[in-house]
Amino acid sequence: DVARVPRVTLRGAAASSSALVAVGTSGTVLHSLDGTRWTARASGTTTQLNDVAFGAGRFVAVGETGRIYHSTDGATWTEGSSPITSTLRAITYADDLFVAVGDGGRIVTSLDGVTWANRSTTTANSFAAVARHNGVWHASSSTAEVFTSPDGALWTRLGAAGRTNSTQRMISSGGVLLTTTTAGSIAFTEDPRAWMQQQLDP
């Protein structure tokens with residue numbers, strides 16, 4: 001039961017058609033079949049897990065020191081072979097591809113969540129979010145810069161006028177790319193070269 005889990009900070013969540021998974025500090029993995037009752041599962045690590053996604057029939061969680069874990073049911077987890085050792089901060093599955101991003105411009109991709117390729121950029125900045133928008137991958141750094149890729153393999157830096165705050169999360173919905181920031185604002189755009197930013201009331 002979730003009430004028996006030590007106090008932790010949850011960093012990411014994902015759902016399949018039959019299960020929900022949340023991940024967080026100290027290697028925490030919480031698993032639920034109905035969203036009401038949650039069970040702590042062994043992840044195989046005590047390092048922080050920063051995000052989780054579902055695709056290609058499995059959950060994939062990423063975290064500190066480049067750790068990658070995968071599970072077909074959300075309950076039993078296996079550590080994968082990561083091509084990097086830098087912290088991964090976000091992962092998304094779209095158009096038959098997993099893309100995970102993290103510190104020091106690190107980007108890794110996988111078709112199945114098990115075998116990974118290093119697609120890192122040359123930027124020294126850290127990526128905090130990644131999303132697939134209008135058929136193009138977008139990775140956003142902690143300094144508000146954006147890199148794009150049509151296939152997840154080759155990445156190009158894109159000017160991002162109108163954004164001043166660091167990104168926390170990014171999603172694409174209804175033709176709009178939306179980010180939340182560390183300064184309590186949101187930024188949104190249809191064209192990632194020009195953003196509008198709105199500060200939220202405290």
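Okay, which residue forms a salt bridge with Asp 51? In this predicted model, the partner is Arg 169, and the closest N and O atoms are 3.0 Å apart. The two sit in distant parts of the chain: Asp 51 is in strand E5 (residues 49-55) and Arg 169 in strand E17 (residues 167-173), 118 residues apart. Asp 51 is buried, at 7% relative accessible area, while Arg 169 comes out as partly exposed at 31%.

A search of the whole structure turns up five salt bridges, so let me show you another one. Glu 145 bridges to Arg 157, with the closest N and O atoms 2.7 Å apart. Here Glu 145 lies in the loop between E14 and strand E15 (146-149), and Arg 157 is in strand E16 (residues 156-158), 12 residues away. Glu 145 is buried, again with a relative accessible area of 7%, but Arg 157 is exposed at 52%.

Now, the core. The largest nonpolar core has 12 residues, including Leu 97, Val 99, Val 101, Ile 107, Phe 127 and Trp 155. Strands E9, E10, E13 and E14 each put in at least two residues, and E10 gives the largest share, three.

Keep an eye on Ile 107. Among the residues Ile 107 touches are Val 99, Val 101, Phe 127 and Trp 155. Ile 107 in E11 is also the bridge partner of Val 101, and E10 and E11 pair antiparallel over four bridges. Those two strands belong to an open four-stranded sheet, order E9-E10-E11-E12, with antiparallel pairing. E9 and E12 are the edge strands.

Conventions:
Residues numbered from 1 in each chain as written. Predicted model: local features only at pLDDT ≥ 70, side-chain atom pairs only at ≥ 80, totals over all residues. Heavy atoms only, no water. Core = buried A, V, L, I, M, F, W, Y, C linked by side-chain atoms within 4.5 Å. Buried < 20%, exposed > 50% of the residue type's maximum accessible area, 1.4 Å probe, protein only. Contact = heavy atoms within 4.5 Å. Pairing = 2+ DSSP bridges. Salt bridge = Lys/Arg side-chain N within 4 Å of Asp/Glu carboxyl O. Lists of a residue's contacts leave out its neighbours within four places in sequence.
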